[in-house]
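Please open the structure in your viewer and keep the selection tool at hand. The tour moves from one selection to the next.

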Amino acid sequence: MAEVEARGLRFHVQTLGPDDGPTLVFVHGLVMDNLSSFYYTLAAPLAAKGVRTILFDLRGHGLSARPSSGYTPHDSALDLLAILDALGIRTPVYLLGNSYGGVVAMRTALADPYRVAGVVVVEAACGGIVGDLWFEDMVNTLTVAALGLEFDRTQDQLKALGQRKIARLAGNASELLNGTTLIDDLGSGPHLADLAAVTCPVLGVFGAESTLIGAAAELAERIPDCRLHVVSGLGHTVLREATGELLDTVLDWLRV
Amino acid sequence: MSDVLTRLAQIISEVVGPDFLLDVEITRETTFSDDLGLESIEFVALADKLRAHYDVDLVGFLADMDIDEIMAMSVGRLADHIEMAAARG
């Protein structure tokens, strides 16, 4: 199934794996990211182990619709729950969020605790001071990127050079950053989760060299059922560069 | 050109869109990333269309490759896989 209608929007959704068995929903990162970062890494191996995996493009990203507003992590958490409704999935699901997707996953666990069996956070700061600084940094970086894309007409220049792939990435990024309320929504906080209110089991996976490593201790301190795994030698790129280690860690945590 | 390659070229055209493909002739040697400029999310859409058309699931085939290998793949290699998988039924 590639298209799902939820909250009045068309979402690109892929499902891999059996119809029964534990269900895990992947949540990708911001702007340049989409479900393909899971499609080519964790989804197929997890599906082969009997996990029903669900991948979706966040609103404004990948092949999902790009409405002009509604880009807070809470909005995306409601999108996720509505997609589960549309798929007819009523049993609790596991969530795995990478980078910004980790924040959306944690917001989902708070929005509807009964539908979330557990959360895997990969390289995300979901609360506390590390999270505040991270959001501030993201908003600043995206604001600068938005201005650059708007004034340089980057995608037109790339298209003229025959660089279709990069031109499309730049064009989509520009439409998301300059044509929607995404930056304003992210800057309008507070968006982070009250970690002390999270009741489900959480697995946190971080790169030892990441600027977000401080978020690991925060998770462990505030969440009663929390397991941590730190990947040595890596920063924010755990999903892509330590796929095998991440997969083994998730399988062990899921006990499948 | 084999039937599969011809049909595959048509499906690729649907995914890539007509504006870019005017100058590109799709052959066995054409690569998805460098020659067609396909985004990784578009390859997901392509895999979807191939599953619908041939009832061939690419997930197992792709699971053994990382994203760079997948995008560097030639159209001919994908066509060979589809032909083999279709022959196996």
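The stops below begin at the contact between the chains and then turn to aromatic rings. Please bear in mind throughout that the model is predicted.

**The contact between the chains**

Select chain A and chain B together. The contact draws on 25 residues of chain B and 21 residues of chain A. The two chains bury about 1,800 Å² between them, with 57% of it on carbon and sulfur atoms. Next, highlight B:Glu39, B:Ile41 and B:Val44, which supply 33% of the area that chain B buries against chain A, more than any other three residues.

Now display the side chains of B:Asp68 and A:Arg240, which meet in a salt bridge at 3.1 Å, N to O. Between chain B and chain A the count is 4 salt bridges.

Which element gives the largest share of the side of chain B that touches chain A? Colour α3(B), which contributes 9 residues. By class, this side of chain B has 16 nonpolar, 3 polar and 6 charged residues.

**The aromatic rings**

Over all chains, 6 aromatic pairs are found. Select A:Tyr94 and A:Trp253, an edge-to-face pair with 5.7 Å centre to centre and 75 degrees between the planes. A:Tyr94 lies in strand β5 of chain A and A:Trp253 in helix α11 of chain A, so the pair ties together parts that are 159 residues apart in sequence. A:Tyr94 counts as partly exposed, at 23% relative accessibility, whereas A:Trp253 counts as buried, at 9%.

Finally, select A:Tyr100, A:Trp134 and A:Phe135, which form one aromatic cluster.

Methods
Residues numbered from 1 in each chain as written. Chains lettered and ligands numbered in written order. Predicted model: local features only at pLDDT ≥ 70, side-chain atom pairs only at ≥ 80, totals over all residues. Heavy atoms only, no water. Contact = heavy atoms within 4.5 Å. Buried area = accessible area lost by both parts, 1.4 Å probe. Helix = DSSP H or I, 4+ residues; strand = E, 2+ residues; numbered from the N terminus. Nonpolar A, V, L, I, M, F, W, Y, C, P; charged D, E, K, R; others polar. Phe/Tyr/Trp six-rings, centres within 6.5 Å; stacked < 30°, edge-to-face > 60°. Buried < 20%, exposed > 50% of the residue type's maximum accessible area, 1.4 Å probe, protein only.
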